[in-house]
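This briefing is for a reader new to the structure. Please look at the sequence and the model first; the notes follow, grouped by topic.

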Amino acid sequence: MKILAISGSARRDSTNTAMLRAVRAVAPSDIEIAIFDGVGGLPVFSPDLEGEALPAAVRDFVASIAGSDGVIIASPEYVRSIPGGLKNAIDWLVSGEQIVHKPVALLHASHRGDDMLEGLRTILATITDRFAADIFLRLPLMKPEPAEVLRAVETAENRSRVQAYLQAFSAYCEAAGQTVIGPPS
């Protein structure tokens with residue numbers, strides 16, 4: 001199972017990126033997690049840059065989505081909303097097919113952020129028919145430094161929660177991969 005984990009933060013020492021790295025460290029051996037932490041490096045979306053003019057960074061990002069069995073998104077809340085970098089990354093996906101039937105789930109590194117999560121859920125339910133709204137994990141990790149985030153995720157209780165979350169999402173991805181898309185025969 002290949003999962004692409006997207007950090008919605010452009011911050012160098014992002015708690016969300018640290019959480020995704022920690023999740024990767026405790027993931028079951030049959031789940032491979034690649035992390036995309038480059039939302040800040042994507043150019044601003046413009047339909048004029050699609051097709052042949054697609055920037056290399058966007059091409060690589062889209063290829064990462066296409067090559068995954070599922071996508072996990074972890075994002076901070078900025079002013080009760082989705083960070084601009086994450087919204088921009090999603091904008092790059094809306095006219096392609098890579099995300100339309102891709103399983104997507106959320107992972108959250110804070111005890112708050114419900115306004116952002118509500119908006120992100122609405123967007124994800126719009127761009128993919130495989131948004132796994134019921135597969136969600138919240139780990140209250142907002143204040144710790146990245147090394148402390150790893151230690152927090154490695155505790156027995158959190159490790160168990162993370163592994164159960166990943167196994168549930170993996171099963172969802174497998175089931176989604178066996179579903180035939182298209183008109184009934």
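Is Asp114 buried, partly exposed or exposed? Asp114 has a relative accessible area of 46% and is partly exposed; buried stands for under 20% relative accessible area, exposed for over 50%, and partly exposed for what lies in between (1.4 Å probe, protein chains only). This is a predicted model, in which local features need pLDDT of at least 70 and side-chain atom pairs count only at pLDDT 80 or more, while totals for chains, interfaces and linings use all residues. Residues are numbered from 1 along each chain as its sequence is written, and side-chain values use heavy atoms, with hydrogens and water left out. Helices (H or I, at least four residues) and strands (E, at least two) are DSSP runs, numbered from the N terminus.

**Salt bridges**

- The whole structure holds six salt bridges, each being a side-chain nitrogen of Lys or Arg within 4 Å of a carboxyl oxygen of Asp or Glu.
- One of them pairs Arg138 with Asp114, with the closest N and O atoms 2.6 Å apart. Arg138 belongs to strand 5 (residues 131-138) and Asp114 to helix 4, so this pair ties together parts that are 24 residues apart in sequence. Arg138 is partly exposed, at 23% relative accessibility.
- Another joins Asp37 to Arg21, where the closest N and O atoms are 3.1 Å apart. Because Asp37 sits in the loop between strand 2 and helix 2 and Arg21 in helix 1, the pair ties together parts that are 16 residues apart in sequence. Asp37 is partly exposed at 39% relative accessibility, and Arg21 is partly exposed at 40%.
- Lys87 and Asp91 also form a salt bridge, with 2.5 Å between the closest N and O atoms. These two are four residues apart in helix 3, which means that about one helical turn separates Lys87 and Asp91. Lys87 counts as partly exposed, with 33% relative accessibility.

- Five of the five residues of strand 3 are buried.
- Strand 3 runs parallel to strand 1, and five bridges join them; two strands pair if DSSP finds at least two bridges between them. Leu4 stands opposite Val71 of strand 3.
- Strand 3 also runs parallel to strand 4, through four bridges. Here Ala74 stands opposite Leu107 of strand 4.

**Nonpolar cores**

- In soluble globular proteins, nonpolar side chains tend to be buried together.
- A nonpolar core is a set of buried Ala, Val, Leu, Ile, Met, Phe, Trp, Tyr and Cys residues joined through side-chain atoms within 4.5 Å.
- The largest such core has 28 residues, of which Met19, Leu107 and Leu166 touch the most other members. Two or more residues each come from strand 1, helix 1, strand 3, strand 4, strand 5, helix 5 (146-154) and helix 6 (156-177). Helix 1 gives the largest share, six residues.
- Apart from this core lies another, of 27 residues, including Leu54, Val62, Trp92 and Leu106.

**Helix 2**

- Val58, Phe61, Val62 and Ile65 are buried in helix 2 (residues 56-66). They lie on the same side of helix 2 because they cover an arc of only 95° around the axis, taken from the directions from the helix axis to the C-beta atoms.
- The buried residues of helix 2 pack against strand 1 (2-7), strand 2 (32-36), strand 3 (70-74) and helix 3 (84-93); contact means heavy atoms within 4.5 Å.

- Thr15 is part of helix 1 (residues 15-26) and is buried at 11% relative accessibility.
- Leaving out residues up to four places away in sequence, Thr15 touches Ala109, Leu141, Met142, Pro144 and Val149.
- Ser110 lies in the loop between strand 4 (104-108) and helix 4 (114-127). With a relative accessible area of 7%, Ser110 is buried.
- Residues touched by Ser110 include Arg138, Leu139 and Pro140, not counting those up to four places away in sequence.
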